[in-house]
Amino acid sequence: MPIDFGVLVYLPMVPAVMLAGPLTAAGIYQFQKREQYRDALRAYVLVMMLASSKGRFLVPTFALVGFLVALCPLMTFTLFVGFAANLTFYAVFFRAVEETRKSAPRFP
């Protein structure tokens with residue numbers, strides 16, 4: 001008799017879904033600085049950007065998932081508005097983190 005895992009089959013996809021939005025926004029943000037594709041694909045820089053946010057990107061990601069689930073019948077409009085708002089939040093947040101790091105005093 002085969003074992004049926006049901007919904008648990010999708011559990012390994014949760015980290016990928018939670019990191020897809022912030023990593024995409026971080027890549028676009030890095031690309032826009034000098035308009036070079038290699039900046040957008042530097043995994044170390046992108047991971048450091050996410051690490052510097054200290055997990056604050058989880059709330060807007062959960063908000064996007066909730067927004068998509070709640071307004072599922074209007075999916076085209078929902079996807080556009082949700083992703084536009086989400087990527088805008090990430091871009092502004094990454095910019096704010098970068099500005100605070102630039103203006104922070106350096107101690108020897």
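**View A. A polar contact of 2.9 Å joins the side chain of D39 to the side chain of R42.** A polar contact is a pair of N or O atoms within 3.5 Å; within protein, one atom must be able to donate a hydrogen and the other to accept it, and residues adjacent in sequence count only if both atoms are side-chain atoms. The model is predicted, so local features need pLDDT of at least 70 and side-chain atom pairs count only at pLDDT 80 or more, while totals for chains, interfaces and linings use all residues. Residues are numbered from 1 along each chain as its sequence is written, and side-chain values use heavy atoms, with hydrogens and water left out. D39 lies in helix α2, residues 37-40. Helices (H or I, at least four residues) and strands (E, at least two) are DSSP runs, numbered from the N terminus. D39 counts as buried because its relative accessibility is 4%. Buried means under 20% relative accessible area, exposed means over 50%, and partly exposed is in between (1.4 Å probe, protein chains only). Leaving out residues up to four places away in sequence, D39 touches Q30 and R34. A contact of this kind means heavy atoms within 4.5 Å.

**View B. Q30 belongs to helix α1, residues 14-34.** Is Q30 buried or exposed? With a relative accessibility of 11%, Q30 counts as buried. Residues up to four places away in sequence are again not counted, and Q30 then touches D39, A40, V45, L46 and M49.

**View C. E35 sits in the loop between α1 and α2.** E35 is not glycine, yet its phi is positive, near 55 degrees. Most residues other than glycine have a negative phi. The relative accessible area of E35 is 61%, so this residue is exposed.

**View D. Helix α3 has L46, M49, L50 and S52 as its buried residues.** These residues cover an arc of only 165 degrees around the axis, which puts them on the same side of α3. The arc is that of the directions from the helix axis to the C-beta atoms. A43 and Y44 are exposed on the other side of α3.

**View E. S53 is part of the loop between α3 (43-52) and α4.** S53 counts as buried because its relative accessibility is 1%.

**View F. In helix α4 the buried residues are P60, T61, L64 and L68.** Seen down the axis of α4, the buried residues fall within an arc of 105 degrees, so they line one face of the helix. V59, F62, V69 and A70 are exposed, on the face of α4 turned away from the buried side. The 13 residues of α4 (residues 58-70) should span 18 Å at 1.5 Å a residue, and the end C-alpha atoms are 18 Å apart, which agrees. The expected span is 1.5 Å times one less than the number of residues in the helix.

**View G. The chain as a whole has 5 helices and 0 strands.** Along the sequence the pattern reads α-α-α-α-α. The C-alpha trace spans about 65 × 35 × 25 Å along its principal axes. The radius of gyration of the chain is 17 Å, whereas a compact globule of 108 residues would be near 13 Å. This radius is taken over C-alpha atoms, and the globule rule is 2.2 Å times the number of residues to the power 0.38. Of the 108 residues, 25% count as buried. Among the contacts with a separation of 6 or more, 58% are between residues 24 or more positions apart. The accessible surface comes to about 8,300 Å², and 73% of this belongs to carbon and sulfur atoms. Accessible areas come from the Shrake-Rupley method with a 1.4 Å probe; for residues, only the protein chains shown count as cover.
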